[in-house]
Amino acid sequence: MAQDRVWLDVPFGEKDEAKAAGARWDPGAKRWYAPRPGIAGLARWSAREDVPELLPGEDRHFGSGLFVDLVPSSCWFTNVRYCVSVQDWERLRRMLLRRARYQCEACERGEDRDAKRWLEAHERWSFDASTLTQKLVRLICLCTDCHQTTHYGLAQVRGRDAAAFAHLRAVTGMSEQAAQDHVRDAFEVWQRRSQASWSLDLTMLTDAGITLAKPPHAHERGEIAEHELRVAHQREIEDRQPVAVAPRRSRWWPRG
């Protein structure tokens with residue numbers, strides 16, 4: 001019976017394992033659950049209390065809209081996804097979707113399985129050059145297309161920069177020249193910030209009871225990047241949308 005359900009926190013990468021152990025999926029709530037209490041094999045996914053919709057110190061107006069928002073190369077793979085436990089990432093993701101009312105906060109579209117458009121989490125950071133502190137200020141829900149445009153450098157590596165550029169113009173209403181200037185300026189900021197080593201300030205998460213995991217060491221990030229690209233490439237082959245994985249130059253791709 002529905003009242004016997006026990007909600008679970010199941011990370012996406014563990015869904016098959018949880019399903020095999022007896023978990024069930026509620027498409028309306030978009031969440032896994034145990035059909036009855038006491039299923040021992042599901043204990044590891046026991047749900048914790050929900051994350052508050054306004055995180056401590058979060059600025060919901062910071063970094064609104066769609067724009068190219070590049071993470072300095074010195075900070076790759078130190079983002080929230082890599083700095084919190086997988087179960088707490090699921091808690092954050094669920095809260096983020098709910099408070100965004102299951103719509104992209106930039107273009108206001110929802111998920112579309114046929115178009116392979118999903119809703120994803122993105123971080124907004126402030127950078128204090130005087131203290132070299134990269135502070136998490138906001139979490140925002142973006143659709144796949146807006147997220148790709150935001151991470152324009154990754155879109156270039158994957159051969160998707162033309163689509164990202166077109167989406168930037170479509171959502172913002174920028175002229176071609178204005179969009180070119182915007183992307184160029186974003187890469188100039190990226191190059192400047194990438195020269196420094198930034199300290200992470202994730203108090204917005206720790207003050208909300210989120211468990212942090214140690215981010216990868218700098219020497220590990222290259223291997224992780226290659227792995228991520230291989231996974232993305234394989235997914236797109238399966239979707240019959242092959243991409244170019246090798247980096248390619250463009251007018252905005254940094255040299256060196």
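## Cavity

By class, 4 nonpolar, 1 polar and 2 charged residues make up the lining of the largest cavity. Here Ala, Val, Leu, Ile, Met, Phe, Trp, Tyr, Cys and Pro are counted as nonpolar, Asp, Glu, Lys and Arg as charged, and the others, Gly among them, as polar. The lining residues are D69, L70, V71, H122, E123, W125 and F127. The volume of this cavity is about 30 Å³, and the search of the whole structure finds 1 cavity of 30 Å³ or more. A cavity is a set of points, on a 1 Å grid over the protein atoms alone, where a 1.4 Å probe fits but cannot get out; lining residues have an atom within 4 Å of a point. Grid points are joined across faces, edges and corners, and the volume is the space filled by probe spheres set on the points.

## Basis of the model

This is a predicted model, in which local features need pLDDT of at least 70 and side-chain atom pairs count only at pLDDT 80 or more, while totals for chains, interfaces and linings use all residues. Residues are numbered from 1 along each chain as its sequence is written, and side-chain values use heavy atoms, with hydrogens and water left out.

## Nonpolar cores

The largest nonpolar core has 45 residues, of which L55, L92, L139 and L205 touch the most other members. Such a core is a set of buried Ala, Val, Leu, Ile, Met, Phe, Trp, Tyr and Cys residues joined through side-chain atoms within 4.5 Å; buried means under 20% relative accessible area, exposed over 50%, and partly exposed in between (1.4 Å probe, protein chains only). Elements that each supply at least two residues of this core include α3 (86-99), β4 (119-128) and α7 (176-193). The element giving the most is β5, with 6 residues. Helices (H or I, at least four residues) and strands (E, at least two) are DSSP runs, numbered from the N terminus.

Leaving aside residues up to four places away in sequence, L92 touches V51, L55, V80, L139, L205 and I210, where contact means heavy atoms within 4.5 Å. A second, separate core of 9 residues includes L8, A18, A23 and I39.

## Three-stranded sheet

Three strands form an open sheet in the order β1-β3-β2, with antiparallel pairing. Its edge strands, β1 (6-7) and β2 (24-26), each pair on one side only. Strands pair if DSSP finds at least two bridges between them. Between β2 and β3 (residues 31-34) there are 3 bridges, and D26 has R31 in β3 as its bridge partner.

## Positive phi

R101 is not a glycine, yet has a positive phi of about 55 degrees. R101 lies in the loop between α3 and β4 and is exposed, with a relative accessible area of 70%.

Methods
1 Å grid on protein atoms, 1.4 Å probe; cavity = no way out; pocket = protein on both sides within 12 Å on 5 of 7 lines; lining within 4 Å.
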